[in-house]
Amino acid sequence: MGRKYQGVWALLLGPYLFTLCIPLDCTEEQGSPSRCPSISQEKLLDRVIQHAELIYRVSEESCSLFEELFVPFPFRLQRNQVGYTCITKALPIPSSKSEIQQISDKWLLHSVLMLVQSWIEPLVYLQTTLDQYDNAPGMLVNKTKWVSEKLISLEQGVVVLIKKMLDDGTLSTANSDQGQFQYDVPPEMLESVMRDYTLLSCFKKDAHKMETFLKLLKCRQTDKYNCA
């Protein structure tokens, strides 16, 4: 089983890994993000979108693999029931198509930033819980760690993009809602599986939102009146 999925991951990720090894952020000598004068705003946005696309794709594969290995079939629909809500549900993120179309470029970027920052700690936590599964393939743990690292890179890229596009020199990268994720005492095994399954499912959903918002922003930069 492990070798089978390792082969799938290699085929899936191979074409992208070299592209995304380039860091998104630009750092001045003092250690603060600069406005990346050496890269155009268009190319920076393209790199950010590439990161978001791959993060979503890997999250989708991770969720499917976790479901196949650990979630009994009768429980696969229960992640949407009461008690298994997404940790970002309370964030002021637009959800309907009409809401998304009406918000400004600035709010699109800040929505992406809120989502990214809200998932950094939960993904680190998920790595530790996956280590406790007896039969968890090493590549599932490794890919979760990989996505976590890419999420931090995406955060840096979005912050720099905001500075370049909006000249928002006072933007803070701290998210006051990160503390909403609770590190409880490990529950019974099935409950633990369902909690982790919910995390993976919700992250996949939010990763898709990040990608969608960034692509909408790209569309607005090139074809403002024909973006759906």
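A disulfide is taken here as a pair of cysteine sulfur atoms within 2.5 Å. The model shown is predicted, so that local features need pLDDT of at least 70 and side-chain atom pairs count only at pLDDT 80 or more, while totals for chains, interfaces and linings use all residues. Residues are numbered from 1 along each chain as its sequence is written, and side-chain values use heavy atoms, with hydrogens and water left out.

**View 1. The disulfide of Cys86 and Cys202.** The structure holds one disulfide, in which the sulfur atoms of Cys86 and Cys202 lie 2.0 Å apart, and the angle of -80° about the S-S bond makes this link left-handed. Cys86 sits in the loop between helix H2 (41-70) and helix H3 (97-102), whereas Cys202 belongs to helix H6 (residues 189-222), so the bond ties together parts that are 116 residues apart in sequence; helices (H or I, at least four residues) and strands (E, at least two) are DSSP runs, numbered from the N terminus. Cys86 is partly exposed at 24% relative accessibility, while Cys202 is buried at 6%; buried means under 20% relative accessible area, exposed over 50%, and partly exposed in between, with a 1.4 Å probe and protein chains only. Cys63 is also buried, at 4% relative accessibility, but its sulfur is 9.1 Å from the closest cysteine sulfur, that of Cys202, which is too far for a bond.

**View 2. The whole chain and its helices.** The chain contains six helices and zero strands, and from the N terminus on its elements follow the order α-α-α-α-α-α. Buried residues make up 47% of the 228 residues, and the accessible surface of the chain comes to about 12300 Å², of which 52% belongs to carbon and sulfur atoms; these areas come from the Shrake-Rupley method with a 1.4 Å probe, and for residues only the protein chains shown count as cover. Among the contacts (heavy atoms within 4.5 Å) with a separation of 6 or more, 83% are accounted for by residues 24 or more positions apart.

**View 3. The largest nonpolar core.** A nonpolar core is a set of buried Ala, Val, Leu, Ile, Met, Phe, Trp, Tyr and Cys residues joined through side-chain atoms within 4.5 Å. The largest such core has 63 residues, of which Phe66, Trp119, Leu151, Leu154, Phe203, Met210 and Leu214 touch the most other members. Helices H2, H4 (105-130), H5 (138-166) and H6 are the elements that give two or more residues to this core, and H6 supplies the largest share, 14 residues. In soluble globular proteins, nonpolar side chains tend to be buried together.

**View 4. Helices H4 and H5, with Ser111 and Ile152.** In helix H4, Ser111 is buried at 0% relative accessibility, and, not counting residues up to four places away in sequence, Ser111 touches Ile93, Pro94 and Phe213. Helix H5 is mostly covered, with 21 of its 29 residues buried. Its end C-alpha atoms are 42 Å apart, which agrees with the 42 Å that its 29 residues should span at 1.5 Å a residue, the expected span being 1.5 Å times one less than the number of residues. Within H5, Ile152 is partly exposed, with a relative accessible area of 36%; the C-alpha atom of Ile152 is separated by 7.8 Å from that of Val116, which is 36 residues apart along the chain.

**View 5. The ring cluster of Phe66, Phe70, Tyr133 and Tyr197.** Rings of Phe, Tyr and Trp (its six-membered ring) pair if their centres lie within 6.5 Å; planes under 30 degrees apart count as stacked, over 60 as edge-to-face and the rest as tilted. By this rule the count comes to five aromatic pairs. The rings of Phe66 and Phe70 have centres 5.1 Å apart and planes at 50°, so this pair is tilted. Both residues lie in helix H2, four residues apart, about one turn of the helix, and both are buried, Phe66 with a relative accessible area of 0% and Phe70 with 16%. Phe70 also forms a tilted pair with Tyr133, at 4.8 Å centre to centre and 55° between the planes. Since Tyr133 lies in the loop between H4 and H5 and Phe70 in helix H2, the pair ties together parts that are 63 residues apart in sequence.
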